[in-house]
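Work through the exercises below with the sequence and the model side by side. Try each task before reading its solution.

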Amino acid sequence: MAHEQIAPTKSNLLKVKDRLNLAREGYDLLEQKREILVSELMRKIEQVKLLERDLDKRTQTAYPCLKRMLVVVGRERANKLAQNVTYRYESNEKLVVTAGMKLPGLDVQIPSVDLKYSHVNSFAECDETVLEFFEFLKICTELAAIRTIAWRLAREVRRTQRRVNALEKMVIPAASETKKYIESVLEERERESFFTSKLLKKKGASKSAT
């Protein structure tokens with residue numbers, strides 16, 4: 001990589017050395033951060049997989065339960081019962097601390113199960129269906145919350161990786177080449193100065209002898 005176009009002076013050499021040290025320290029810190037983020041992201045992905053597995057299991061029990069209820073109760077009566085049932089759900093954005101970072105997450109409050117229809121019209125299949133789908137919703141909300149965090153972590157990993165790559169492939173190599181360039185020019189100047197002073201001394205000694 002080509003060096004920066006700056007004057008090869010001692011003051012610029014000190015500046016480049018400071019910048020290079022800072023870039024290397026930043027690279028080490030960002031690399032550590034990236035590793036922590038990746039580790040936390042993998043943990044979240046594993047949680048998502050487990051919840052997806054639970055969701056699949058709950059789907060296999062909840063929907064057949066709903067079908068049985070519709071067969072026993074009838075679609076029309078089930079619709080009438082459902083019209084009299086209202087649940088209030090609250091969803092809010094909240095800050096979640098993970099991998100030492102505050103990330104926006106999702107908080108969903110599910111109400112407690114309350115079988116609100118009349119006991120006269122109650123069927124065991126209705127109760128079972130309500131309970132099944134409440135569990136289904138709990139898994140869905142937990143899955144949505146963790147997926148939100150996983151998505152934020154993945155985005156932060158990509159951002160951190162870009163900064164690591166920029167330091168590793170551009171900033172540090174350019175500063176290193178600039179440092180080498182200035183050092184080589186200064187060394188060449190010192191050699192020239194040394195030979196010049198030596199030559200002048202030699203000439204001075206020759207004149208003194210004559």
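The model is predicted, so local features need pLDDT of at least 70, side-chain atom pairs count only at pLDDT 80 or more, and totals for chains, interfaces and linings use all residues. Residues are numbered from 1 along each chain as its sequence is written, and side-chain values use heavy atoms, with hydrogens and water left out.

**Exercise 1.** Describe how helix α1 packs on helix α2.

Solution. Locate the helices: α1 covers residues 10-73 and α2 residues 75-83. Their axes lie 7 Å apart, at an angle of about 110°. That makes the two helices roughly perpendicular (65 to 115 degrees). Next, list the contact residues (heavy atoms within 4.5 Å). Met69, Leu70 and Val73 come from α1; Arg75, Arg77, Ala78 and Leu81 come from α2. Sorted by class, five are nonpolar, two are charged and none is polar.

**Exercise 2.** Determine how strands β1 and β2 are paired.

Solution. Strand β1 spans residues 90-98 and strand β2 residues 101-109. They run antiparallel, joined by nine bridges. Pairing requires at least two bridges found by DSSP. As one example, Lys94 has Gly105 of β2 as its bridge partner. Now inspect the turn. Two residues separate the strands of this hairpin, and Ala99 there has a positive phi of about 55°.

Key:
Axes are lines fitted to C-alpha atoms, for helices over the stretch in contact, and angles run from 0 to 180 degrees between N-to-C directions. Helices (H or I, at least four residues) and strands (E, at least two) are DSSP runs, numbered from the N terminus. Angles under 35 degrees count as roughly parallel, over 145 as roughly antiparallel, 65 to 115 as roughly perpendicular and the rest as oblique. Ala, Val, Leu, Ile, Met, Phe, Trp, Tyr, Cys and Pro count as nonpolar, Asp, Glu, Lys and Arg as charged, and the others, Gly among them, as polar.
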